[in-house]
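My plan is to look at how some of the chains meet and at what lies inside.

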Amino acid sequence: MEIHIAHYLIVAGILFSIGLVGVVVRRNAIVVLMCLELMLNAANLVFVAFARMHGNMQGRIFVFFAITVAAAEAAVMLAIIIAVYRQRETVNTDDMDIMQG
Amino acid sequence: MHLSLATLIILVPALTTLLLFFVPAKKVQVVRWLAAGGAFCTVIISITMMATYDKAVGGWQFTQVVTWVEDLGISWNVGADGISVAMLLLTSLVIMAGTLVSFKVTDRPKEFYILLMALVTGVFGVFAGRDMFFFYFSYELAVIPMYLLIGVWGSTNKEYATMKLTLFLTAGAVVALIGLLLLYWHTKEFFDANPALLEAFRNAHPDFSDATSSSFNLLQVQYAAKHAMEMGGPASREFFSLGFQLWVFPLILLGFGAIAPMWPLHTWSPGGHAAAPSAASMLHAGVLMKLGSYGIIRIGLTCLPEGAAKILPIVAALCMMNIIYGGMVAMAQKDLKFVIGYSSSSHMGYVLLGIASMNVIGLNGAVFLMFAHGIMTALAFGLIGWFYDQTHTRMLPDLGGLAKQIPFIGVCFTIMALASAGLPGFANFASEFMVLIGSWQEAVRGNSWFFLYTILAVWGIVISATYLLRAARWAFFGPLNPCWEGKIKDADTWFWRAPFIMLIAALVLFGCYPKLLIDVIATGTGPIVDIIENARQAVAGIK
Amino acid sequence: MDAMNLHLMLPEIYLVLLGLVILIADLYLAPEKRFNLGWWTAGGLSVLAVWLFATPTPETVEFAGFGLYRADGFALFMKKVFALTGILVAVMSTGYLKRYGRGPGEFFSLVIFALTGMFMVASVNDFMSLFVSLELVTLCLFILAAYRRHDKLSGEAGIKYIIVGAMAAGLMLFGMAFIYGATGEVRFTYMGADGQLVLLSQTVANLESGWQMTALFGFTVLLVGLGFKVAAVPFHVWVPDVYQGAPTPVTAFLSVGSKAAGFILIIRVITLVVPTIAPGADLALVDQLVKLFALIAGLTLFYGNLAAIPQKNLKRLMGFSSIGHAGYLLLGIVAVLAMKAAGEETMNGVSAIAFYLFAYVFTNMAMFIGMVIFTQGSEDSHAIDDYAGLGKRAPLLALCMTIALLSLAGVPPLAGFFGKFYLISSIVEAARLDGYGWLLVLAAAGAVNVVISMYYYLCVVKRMYMLEPTSDEPIHLPPPAKIAMVACIVLVVVIGIFQGPFVQMATGVLATLGF
Amino acid sequence: MDDNTVATLAYVILFAPVVAAILITLFTRKSKGISAFLSVGSVVTGGILSVILLFDQLAKGPGTPPVISQFEWAAARDSAIGDIVLNIGVQVDFISILMSTIVGVVGSCIFVYALGYMKGDEGWSRFFAKFAFFAFSMLGITYATNFVQIFIFWELVGVSSYLLIGYFYQKPSATDAGKKAFMTNRIGDFGMTLGILLLFFAVRDVFGAVDGFSFVELQRIFTDEASRTLLFDAMGWKAGLGAFLIFVGAMGKSAQFPLHVWLPDAMEGPTPVSALMHAATMVAAGVYMIVRCYWLFAWAESAMIAIAWIGGITALMAATIAVVQNDIKKILAYSTLSQLGYMVMACGMWGAGAGMFHLATHAFFKALLFMGAGSVIHACHTNDIWEMGGLAKKMKHTTWTFIAGTLALAGIFPLAGFWSKDEILSASHHIAPLYWIGVGVAFLTAFYMGRCVFTAFFGKYRGDGHPHESPAVMWVPLAILAIFAIFGGWVGAPADLNPFGEHGLQSYLLVAYTTVAEGAHQQVINWPTGQGHMAKSLHMNVAVIGTLVAVAGLFVSYLFYGSRKFSAEKAKKMFGPIYTLVSNKYYIDEFYLFLVKKVQQGFANLCSIVEQHIIIGIFVNGLAGGAREAGDKFRKMQTGRVNTYVTMILGGLTLLVFLFVVGKEFWG
Amino acid sequence: MEPIFHDLLAAGGGHAVAFYACSAVTIAAAILMVMKKNPVASVMWLVLSFIGLAGIYVTLQSYFIAVIQVLVYAGAIMVLFLFVIMLLNLRREDIAKMELPKVPFAGVIAAILFFVSVFLVIKASTPAFEKPVDALLGEPALAGDSVRAIGIPLFSQWLLPFEITSVLLLAAIVGAVALTKKKL
């Protein structure tokens, strides 16, 4: 049977939500980063789907830039994780609550 | 360029504040005499304004208009009509006395005088301002110096009192701001709707020949209100309808009422009085409380007369609480400054009653009482400040028979007590009597509640006589409390006596011959009462 | 529209070159000489600032980079704001880094790259470059926030900031995807089929209702994503911790730079993309957004001001106060949206926001420079109680910080007062429109919050003047920082009293906002 | 003399004392001589000038229209409802000149007397400044042209009594007495203000823009038949209320029944003060006002009856209390109270002439008695009559003058008191019970004055001092006043006995308060009681009864205290409870004390509690506390862990999307 | 290379089958990535998920993007993740300590609610989506070389974002170095 744009959007929605659940649930900073990457990819999927529907290249070029930005972000986040790990020997986000209230 | 007197009276204290910045803190005498000089200039200016004010012409004189912010229609728009001249005179006398009295301040005098002068610049700005933004700008300008004055140089639980005072003043100012803004945008729409009237306004006023539709100029708003109300019945017309006025007038009333302490919002003022150093409480009680009632007259009555006509009778009921409740609480106070504090809120009740009576004699009496009460309270706090610096206690039970030790201050305090009890020969009597006539006249005109209000007001005079004489009796007469034997120095030299004598002279001069001031005030209140009069005719039908 | 005409993009190019020069210079300079890289940055940026102030505000909008870069009055105004922020941050951080003693070259280059990002954000004309330049700004700020890598607080601030930031980026991308899906076009203004300039908002306006719903979902997720930059309510959570953790100059840069960038984008999206209510359309898209932003503005105002009352740490207090100020700026946004919904032309809200941001820069910078001086560059404690008796210990510092605090509180002779006045006046104007009477409740909320904010600002002033100093070792005011602070204070007072020319500058922005 | 010289003379009389007072306080405080000279000089010149005016007025005959000159004090011009103008000025007619002469002459004597009495007192110039200020305010009342002016000087007199009573400010009892006097006066003024306002607006309501304050205008309205009925129909019951309220002002000043408590305590002040103020002039101000506005009272029947009864009660009550007093000044104080009651009773029964005449004579012999008492106190340094005794031998002049005063007060034939008391008793025929009260009071007056004279001046000297005759400067004024007391009465005698025949004092008085202001013709109006004409001859039966009762009173007091035939103690036991009631002054003081201490202070404390706890406690601190709570809750939301942050963001976003986007679809 | 894919899928039904297969793989891998305790296992599952996603791109005829996805994401970034995990050499007990994450219900519910809202939006706007993907398209993606189709606009129309991304990457590198280099 025919695959409509809606199917792609639903898949993207599911992926996005899984990414959200991951960010919320997991304590390990690295896994949180991975889930963030997943969320960005879900958004890329929506872009490609709509690009396909409208038939113009803007969506695809947007995905191209999105991927580069995601890469840069991943690099910086990992750098920060390493710096924090060197300070406290842990990447568990629950231990990082010195500042509160 | 030519600086009109009204601009000068604002610029002089502002200039003194700036000059004081550059005087090194060590040179205390220079600081003091510079501040006193500044204050003296304002006295000279206000007296010349009083003298040269042309009563025949009346209306706004000494005007000056300089555009400030083009796009929003804000301009440095100052001038003085009958009411402002009286208020400016009051402020300059009080600041003169305040600066002289605070020659005794030893802790950081430079900052003290800078803040005092900034405070007074704000107050002058309000009384001489004709632009709604300028009015609000200088109104808020006076709040923070008062906070710091009380906070740093104050006495009993100053933190709590000063914070409460500042928050109350700001809340009041901000509520009034929303009212002003509604008026501003409403006038803009009105003039956009009928540009012909804007043309007519430009020709009528040479000063504002380039006025745009959106402007904070008070005269423009009054002009719009007047013409809008001529267009149709209170409910039917589109601009400045009764509904709009019943919405905006309470905002202005509550905003300014919080400062002229209307009954439920008055709790900040006695605490503020008691905690403040003598100069600050002189300015605070003497002048700051008058800003509120001045605001109600200047903006409330002129721009929203129908709203005022409907709501002022309710305000009159609140004034009764002010007078009787305030008087009773004053009677139960042990601290002398609290007694004077509550008596001020009780006297301001008369001012509001005068305004609420909405007739010429009532309004004249109200403005004259603002003047008289201002001088009287400033005198009271100056005197208390004098002996408080030496005894460090104001509790009536500890004081006793001070008149033997400090006779001059004793005599002045009795004069003050009698003046505040409404004794003829002092300005308070003439003004209170006119307010009573005004409120009885309103009762005869139809609002029969005012019979009760007048009776209670007269009874308020008796109450105020009771607690003031009791305070005088406790503090100054009777046997001298042994612990003050030889410890307190009297105001012996002519220099220390000057502020008190100046204030008493003002009270007696305008008490014995009130015509001097009342004719000037009458030129100011006349047009306002006419506006209120036609508004009442229009609103008479609608319940 | 289809030319690159690079001459319009000279400021950005100049900035990138400046950043590269700093990076390279860092390699060749001896370790101790590296710290005057800060002066190079400050010098370079002041040249740029002078150049920007020299260029006249353009009457019409010009496009560069094939229509993806628009140079109009609003962009120029904001670039001036960013340039001034850059200079002040550079001056502030030289002293700070000298004390911290690590990696000045990278620090200043990152600051400059962040500035380039902000310049690009100011004159963005499509979603793609919007996303990329915004990510450039946030990325640099992630790194700068975690710059003191040996300090636990800075690390923690970095982690929290990047997790929330990345999530916001994801949401924004998701939003943009749906708007692109609905309209099929990423650029705000593009050459339509008949050679005429077409606004994206026109295409959105004449979408049929199904796609309108997608576009509305896209707008909501996008604008709420932008709320992260601006510290609006659902996205305010990171602000207190990051403001406290990050090094003080970075906090200053964050509080002014990224907040201004966020507001520019929201204004751009509203003016260029959000459609006015088409007469026939049933789904009043704009009306929904007005209600959404009114709710957010109210919550932000009350949250920021109320949570600031019990604060003990001054930097954390500045965090909550910046949430409060975001609330006031959102009032302006609501005013703009309401005016757009009613199809009005004048956008007083935008000039109010522009003026408020201009005043906010100097007030906040003065405050943070004061904090840097007080803590002598160390990050130990910013507790408010340490500021007790500052009036006696360092009168000039106390005076400047008091004026800054009072300007934040909105006390008349200072800039903050007229800013708040202008914003509340614009929201009252919006409340005059028929159907939007209930906006007066927002104006009342703004008024109440002036009083609440007055309380906690005065608590700090109270400690400075009314209490006795706890420790009495003297505070040395380094000359450059002192000059910068005094300059800011003088400007705050001057803007406060002579608002005329500055309001002129702000209203000049309106002309070229639309097309 | 033509009108403006009369007016200028009146202005000089009025303003001389206040100019003296100002000069003394500001400049001559240090030198005693000059300040004494200034103060006494001003009053004496006032006295002489008023005597000149008196002769001029007598020369012009009874019905001359009053000379009025006034200047505008304050005004409110209102085109809609008509202008309200408050003036101050001088109204010179027979009554005001008579009163001004009394104040001048009696005042001069007392001022001279005070020179002696106050010698050696350190607050000398302060005393004379206040004394001159009092004279100014008293003259202000005398020459008042309208209600506002009389009210202004009414309060000034109240203040000067406060200052003079509280002269010894070291003594707590003195300052309390001063405060009490001021407060009671103030309560009186409370009534008067309302009365004035009621009258002003009633007149303005009916007659439009007429100056409702000025006496001349009001007199014209009230005396003219048509306008009066028009006004009374419009006012209905309010007319009586207005008149009575104005009388309340007089009650406060002339210490009538409910407001009399302050006069006995006012004895704390120095004796010249008591002599001048609390005997001769000040207390008479109330009666003077009633006479001045008689055209208002005469027509308010209900008010008149009330006034008469209040006068009667005051007279009787005060007389009974005086009988049991031991302090000589207290006896005289209560006797003044009862004489004032007499005058008011007379006025209340359309006998204003009698009241005014009694006021004049009473001023002379009461001042005499007070100064006599003063010189006795000065000599024996005690007030208690039981510590005196046998002074007749040592203080010849004081004794004979005192006895002359006593006889005059008791109303024995040739002396002044007889004529004026006779007039009052004949006027009080109108209400029978009051006539008998009058006679009873006459008996009691004679009794307690006799008691005082016998115990103080006859028998042995019981005190430990060594009394000596006071210096000439003190007893010479006594002698002058004694002469007036003896021969002064004839002036007001009925026509056939009167040396001036038809033109006696009564004829002038009658004309003054009944004539129509403008127009010379004297129009005798028929009073409701028909007594409008002058009494031709003595009412024989009234005179006889009066004298008999007075002589009986003296004889009984001789029995009790002179020859000790009856013992006073037995009489005390015999009266038992009545005695305790009377000696405690009918517990009125305690009742007022209860009112002030318990009721007023209680209510004040209640209000202060309401203020502290409800308004400040709940509203102000409540709001502040609420803000602080909310602040704390919001602060707690920042838990510090990233997961909670992300959850909050997500929750917020979903809520917003549901509310505004998805919601639009379902309940949009 | 593109024509092969094209013919394979042109067989009609094949398109649906491919789509369902790839999305099933992607979603399953994503769920497992979240559930796995050991981060290394999570990385592996994520790589699989990205490859599945690349497959979906292929069904959308964006072949170049699919290749980039596999090359950059699955290859470079995941390798970086693995490298960092190794760098942090989480010892055995660290992994043991990582007990199954306590499930904070609020968060999960919020995420599910978010998905429901996305779903409702899509359903609400479905009337406009009735048309199948292909039918919508009209003519197929720029036939032949999809790399050229991206390349030309990337360096002409969209040059500006490209330049900004270059600055972004530079900043990222400088930042990463500044934060992690042992001695600066």
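This is a predicted model: local features need pLDDT of at least 70, side-chain atom pairs count only at pLDDT 80 or more; totals for chains, interfaces and linings use all residues.

**Entry: a residue in chain C.** Which residues does C:Val334 touch? Leaving aside residues up to four places away in sequence, I found C:Val290, C:Phe293, C:Ala294, C:Ala297, C:Ile427, C:Ala430, C:Leu439 and C:Leu442.

**Entry: the core.** I then looked up the largest nonpolar core, which has 820 residues. C:Val334 is among the residues with the most contacts inside this core, and so are A:Val46, A:Ile80, B:Ile375, C:Ile427 and D:Ala367. In chain E, domain 1 (2-101) and domain 2 (145-184) both give residues to the core, so the core lies between them.

**Entry: chain E against chain A.** Here I noted 68 residues from chain E and 59 residues from chain A. Several helices of chain E each supply at least two residues to its side, including helix 2 (13-35), helix 3 (39-59) and helix 9 (159-180). Helix 4 of chain E gives the most, with eleven residues. What classes make up the side of chain E that touches chain A? I read 55 nonpolar, 13 polar and no charged residues.

**Entry: chain C against chain A.** This contact takes 31 residues from chain C and 31 residues from chain A. On the side of chain C, helix 5 (127-145), helix 6 (152-183) and helix 9 (238-245) each supply at least two residues. Helix 6 of chain C has the largest share, 17 residues. By class, I listed 18 nonpolar, eight polar and five charged residues on the side of chain C that touches chain A.

Notes:
Residues are numbered from 1 along each chain as its sequence is written. Chains are lettered from A and ligands numbered from 1 in the order in which they are written. Two residues are in contact if their C-beta atoms, placed from the backbone, lie within 7 Å. Helices (H or I, at least four residues) and strands (E, at least two) are DSSP runs, numbered from the N terminus. Ala, Val, Leu, Ile, Met, Phe, Trp, Tyr, Cys and Pro count as nonpolar, Asp, Glu, Lys and Arg as charged, and the others, Gly among them, as polar. A nonpolar core is a set of buried Ala, Val, Leu, Ile, Met, Phe, Trp, Tyr and Cys residues joined through C-beta atoms within 7 Å. A residue is buried if 20 or more other C-beta atoms lie within 10 Å of its own, exposed if 12 or fewer, and partly exposed in between; C-beta atoms are placed from the backbone. Domain bounds come from an automatic or database domain assignment.
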